[in-house]
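This report is written for a reader meeting the structure for the first time.

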Amino acid sequence: MSIEVKVPVLPESVSDATIATWHKKAGDSVRRDENLLDLETDKVVLEVPSPVDGVIKEIKFKEGDTVTSQQVVAIIEEGAVAAAPAPAAAAAPAAAAPAAAAPAKAAAPAAKTGSAELPPGAAAYAARNDVNPADVAGTGRGGRVTKEDVVNHIKVGGGARPEQRVPMTRIRQRIAERMMQSKNSIAMLTSFNEVNLSKVMAMRKELGEGFEKSHGIKLGFMSFFAKAAANALQKYPVVNSSVDGTDVIYHGYADISIAVATEKGLVTPVLRNVENMSFADIEGSIAGYAKAAREGGLKLEDLQGGTFTITNGGTFGSLMSTPIVNPPQSAILGMHAIKERPIAENGQVIIAPMMYIALSYDHRIIDGKDAVLFLVDIKNQLENPHRMLLGL
């Protein structure tokens, strides 16, 4: 019996998808739930599994085609078995060896690469730009090739200057679109502070092993920042708000988007109701999202919603940045690299693990005072992590 393979039902916010990769071709055997193709939307890559065991009878769209919700992309003959390959024909007798090897072509004239023919500067420049000096017309004394000759040769197309034009992926197009939307529609401002993470690091060192044994996951930094942000959002609800036309919507819950880098671009899965989550819940959810993002297993609902975002450029070594607000949210917290620096504490100079933190926010609805107090509250919680355990 012929079975139709259809595009999954897409959410209202996603009108269509692009076929990114076919993992099977017509005539291939497939098993139930085996991934047939990847669909790329502007938010996530979706896998389309086979609904039955059988053989692919027909593929209706090729890679790069655009498809819509519930559109038929392939036909599978249920229960069929792929035809066995035809037996290989008997090998033909080896061709008789040629009576004599063909005469070798005359060697090409040697390139003028010796020091007597090419000045060292010209030779080095030609080598860096993959230019054969023998192809360059020399204008120096006795026809010698000068560096200027090599430069002019490259200008007229004689050097290796490869270019490649590649279309943006759907996800990258969507990222670009939303970044421009943020830039053009939000009055964005960024405030900075710095945090002494010595107590957080001491707590991780003291309790990390027991935490991992109890919960099966490591105690990272993100859970501290997520919990501190959730607490601060309760105190400064305007930072947890969004603009809808001429209205401001205040969210009474902390749904925090966590920026995760993938090969296809940045995605922001959402931790919901972080104010009610434990450290173990946060770490487990982040680990699950990171794994799903790497393997292309994120669902659209994982990325929807979110009232506030945390991004960690420190993972890649960033010391300071101005993160961009993710509309319709009104603020984003940027974490950065932890560096040991000398600081003054109680009249003494000490070395401490310091991190710069940044809060970018929509200045249309968030005043500088609220943004700064919010950032200071996060700083105070992280420098006194026991406050988070008491909800202070």
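Strand β1 (residues 2-6) pairs with strand β8 in the antiparallel sense over 5 bridges. Strands here are DSSP runs of E with at least two residues, helices are runs of H or I with at least four residues, and both are numbered from the N terminus. Two strands pair if DSSP finds at least two bridges between them. This is a predicted model, in which local features need pLDDT of at least 70 and side-chain atom pairs count only at pLDDT 80 or more, while totals for chains, interfaces and linings use all residues. Residues are numbered from 1 along each chain as its sequence is written, and side-chain values use heavy atoms, with hydrogens and water left out.

In β1, Ile3 and Val5 form the covered face, whereas Ser2, Glu4 and Lys6 form the uncovered one.

Strand β8 (residues 72-78) is largely enclosed by the rest of the structure, because 5 of its 7 residues are buried. Buried means under 20% relative accessible area, exposed over 50%, and partly exposed in between, with a 1.4 Å probe and protein chains only. Strand β6 (residues 54-59) is also joined to β8 by 5 bridges, and these two strands run antiparallel. Here Ile56 has Ile76 in β8 as its bridge partner.

These pairings belong to an open sheet of 4 strands in the order β1-β8-β6-β3, with antiparallel pairing. Its edge strands are β1 and β3 (29-30), each of which pairs on one side only. Strand β3 is joined to β6 by 2 bridges, again antiparallel, and Val30 has Gly54 in β6 as its bridge partner.

A further open sheet, also of 4 strands with antiparallel pairing, has the order β5-β4-β2-β7. At its edges are β5 (45-49) and β7 (66-67), each pairing on one side only. Strand β2 (residues 17-22) pairs with β7 over 2 bridges in the antiparallel sense, and Ala17 has Val67 in β7 as its bridge partner.

The bridge partners named above are collected here.

| Residue | Bridge partner |
|---|---|
| Ala17 | Val67 in β7 |
| Val30 | Gly54 in β6 |
| Ile56 | Ile76 in β8 |

The axes of helix α5 (residues 222-235) and helix α6 (residues 279-295) come within 9 Å and cross at roughly 120°. Axes are lines fitted to C-alpha atoms, for helices over the stretch in contact, and angles run from 0 to 180 degrees between N-to-C directions. At this contact (heavy atoms within 4.5 Å), Met222, Ser223, Phe224, Ala226 and Lys227 of α5 meet Phe279, Ile282, Glu283 and Ile286 of α6.

Taken as a whole, the chain has 9 helices and 19 strands. Of its 392 residues, 41% count as buried. Among contacts in the chain with a separation of 6 or more, 63% are between residues 24 or more positions apart.
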